[in-house]
Amino acid sequence: MIRYIFLFIILLEGFVMAIEEPKYTVIKDYGVFELRDYAPYIVAQTKVTGKPEDMGSKAFKTLAGYIFGNNEEKTKMSMTAPVLQEDATSRKDTALFSFVMPEKFSMQTLPRPINENIVIKQIASRTVAALRYNGSWSLEKYKKNENKLLELLEQNGFKIVGKPVFARYNSPFSLWLFRRNEVLVEVK
């Protein structure tokens, strides 16, 4: 019985749990992708090096420690979505991971990280193309959707001004089938 209750909770995770996300307005829905205007938001970032399959866990441990109280003020913060991942360099073994900070904090009120590998950064308002897909967090699936979005943007005459970002909206405990993932890229 407990097993069925646990499964039911996981299945409803995306429908029941209200997790804070950066605020945006959809400018236009192109069917396959959306054009969004994002309001400014703050992120905590860490650069991770290693095997691609291990980088997410390593980054999560560092950033989760920060929001769960491993900061100078010992302040605990709520988890938000998405977790963002972008290539930090041209090397395939390095990526930049970011947690979006809760909106109630400003650059002045956000707790200071103890871990010197965490950088707090303000992300300015911007226009972003977003392609949403469900399923696994595999690099192959992400790259397929990234290529699809970049092709669609080129076909529609958009100028890409940022690096593509892998956005993950669900916990690692959610069933892969129901995971919300997005490819985000800043455009003009």
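**T94.** I started with T94 and found it in strand β5, residues 94-100. This is a predicted model, so every value here is computed from it. Is T94 buried or exposed? I get a relative accessible area of 3% for T94, and since anything under 20% counts as buried, T94 is buried. Next I looked for polar partners of its side chain. The T49 side chain makes a polar contact with that of T94 at 3.5 Å. The side chain of D93 is joined to that of T94 by another polar contact, of 3.3 Å.

**K92.** Then I stepped back to K92, which sits in the loop between β4 (83-87) and β5. K92 is exposed, because its relative accessible area of 79% is over the 50% cut-off. I checked what K92 touches, leaving out residues up to four places away in sequence, and got P52 and M55. I also noted K51: it is 41 residues from K92 in sequence, but their C-alphas are 8.6 Å apart in space.

**Helix α2.** Which residues of α2 are buried? I listed M55, A59, L63, A64, Y66 and I67. Looking down the axis of α2, I see these buried residues within an arc of 145°, so they line one face of the helix. On the other side, E53, S57 and K61 are exposed. I then asked what covers the buried residues of α2, and the cover includes β3 (41-49), β5 and β6 (118-123). After α2 comes G69, and I noted its positive phi, near 115°.

**Cores.** Last, I went through the nonpolar cores. The largest has 18 residues, and those touching the most other members are Y66, M77, F97, F99, M101 and L110. β3, α2 and β5 each supply at least two residues of this core. Which element gives the most? That is α2, with six residues. I followed up M77: not counting residues up to four places away in sequence, it touches Y66, I67, F68, N71, M101, P102, F105, L110 and P111. Apart from this core lies another, of 14 residues, with A129, L149, V183 and V187 among them.

Terms used: Residues are numbered from 1 along each chain as its sequence is written. This is a predicted model: local features need pLDDT of at least 70, side-chain atom pairs count only at pLDDT 80 or more; totals for chains, interfaces and linings use all residues. Side-chain values use heavy atoms; hydrogens and water are left out. Helices (H or I, at least four residues) and strands (E, at least two) are DSSP runs, numbered from the N terminus. Buried means under 20% relative accessible area, exposed over 50%, partly exposed in between (1.4 Å probe, protein chains only). A polar contact is a pair of N or O atoms within 3.5 Å; within protein, one must be able to donate a hydrogen and the other to accept it, and residues adjacent in sequence count only if both atoms are side-chain atoms. The arc is that of the directions from the helix axis to the C-beta atoms. Contact means heavy atoms within 4.5 Å. A nonpolar core is a set of buried Ala, Val, Leu, Ile, Met, Phe, Trp, Tyr and Cys residues joined through side-chain atoms within 4.5 Å.
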